[in-house]
Amino acid sequence: MSKPKAVLCLSGGMDSCVCAALAARDYEVYALHFSYGQRTELRELQSAREIVRLTNAKELMHLTIDLFRKIGGSALTDEAIAVPDAVEHVDGSDRVGDEVPVTYVPFRNAHFLSAAVSWAEVLGAETILIGAVEQDSSGYPDCRPSYYAAFNELIKMGTKDGTIRVETPLIAMRKREIVALGVELGAPFHVSWSCYASGTEACGVCESCALRLKAFEEAGAVDPIVYSRR
C-alpha cells in the first residue's frame, strides 16, 4: 500500500534529521527547506539536501526569503549581533530555556508552517511534520506545544477542508532521547548541521553545539561531525 503524503519542515539540524527519519518510515515525504539569511544558510541547505537523499524523500522544495535579514533582531540573521557561547550555571547545568536568547528569530516558525500548509493543500497531504523541541530547547516561544495547538486551530479556519494538522513528534523529548531515537532509526546524523556560528567546522561552543554535544554524550553515542572547539 502507498504511504500517505506529508510535508516535512527540514532545517538540516539534528532534530529535523531525526524527524526526517521518522517521516520516511511512515509517509511519502515532501521536504521544505528555507534559506532566510541565516549565517549558516549554505551549510544548512547542503545538510537538508543530503538528508533528503539519504532518507529517500520524494522531493525537496527550497525557498528563499529575505525578510528576516531585513528585519534583523536575531544573532542568526544580523551580523551586528554576536552569536553567544553557551553559558553554564554555577551548578554546572546548561543555561537553557530560562530566557529567550538573541538567537531567536522573531516568529520564524509561523512563516515556515504557512508555506508548508499551502504546499500540503496542493499535494493533498494532511500532515505537516516539524522537529520542534520544548524540553531542551533554547527557550524559543515557537517551540511550545501551545503554539502548535493554536496554529492547528488557525489551519482549520483558514484552509479549504480544514483537515491538515501540524505534528511535532519530538516536542516532549529530551535531546538525549532524540539522539537515541535517531540512532535506532539510522538517522543520517553525519550530514546534519546544528552550529549557529560557522558553516565550515561546527564551533562547538555556541548554545546549539553545546546542546548537541551534551545530548550525544548523555545518550552514550558518538557525534559524527567535526568541531573546531569542544
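1. Two strands are said to pair if DSSP finds at least two bridges between them. In this predicted model, β1 and β2 meet that condition, for 5 bridges join these strands, which run parallel. Within the pair, Lys5 stands opposite Glu28 of β2. The chain passes from β1 through α1 to β2, and this β-α-β crossover is right-handed.

2. Strand β2 also runs parallel to β3, to which 6 bridges join it. One of the pairings places His33 with its bridge partner His62 in β3. Together, β2, α2 and β3 form a right-handed β-α-β unit. Because 7 of its 8 residues are buried, β2 is largely enclosed by the rest of the structure.

3. Helix α2 comprises 14 residues, 41-54; at 1.5 Å a residue it should span 20 Å, and this agrees with its end C-alpha atoms, which are 20 Å apart. Its buried residues are Arg43, Glu44, Leu45, Ser47, Ala48, Ile51 and Val52, and they pack against α1, β2 and β3. Just after the helix, Asn56 adopts a positive phi of about 60 degrees.

4. In soluble globular proteins, nonpolar side chains tend to be buried together. Here the largest nonpolar core has 44 residues, and those with the most contacts inside it are Val7, Leu113, Ile128, Tyr148 and Val166. Elements that each supply at least two of its residues include β1, β2, β4 and α5; the largest share, 8 residues, comes from α4. Apart from this core lies another, of 29 residues, among them Leu8, Cys17, Leu170 and Ala187.

5. Leaving aside neighbours within four places in sequence, Tyr148 is in contact with residues including Asn109, Leu113, Asp142, Val166 and Ile171.

Methods:
Residues are numbered from 1 along each chain as its sequence is written. This is a predicted model: local features need pLDDT of at least 70, side-chain atom pairs count only at pLDDT 80 or more; totals for chains, interfaces and linings use all residues. Side-chain values use heavy atoms; hydrogens and water are left out. A nonpolar core is a set of buried Ala, Val, Leu, Ile, Met, Phe, Trp, Tyr and Cys residues joined through side-chain atoms within 4.5 Å. Buried means under 20% relative accessible area, exposed over 50%, partly exposed in between (1.4 Å probe, protein chains only). Helices (H or I, at least four residues) and strands (E, at least two) are DSSP runs, numbered from the N terminus. Contact means heavy atoms within 4.5 Å. The expected span of a helix is 1.5 Å times one less than its number of residues. A crossover is right-handed if, with the strands pointing away from the viewer, the path from the first strand over the helix to the second runs clockwise.
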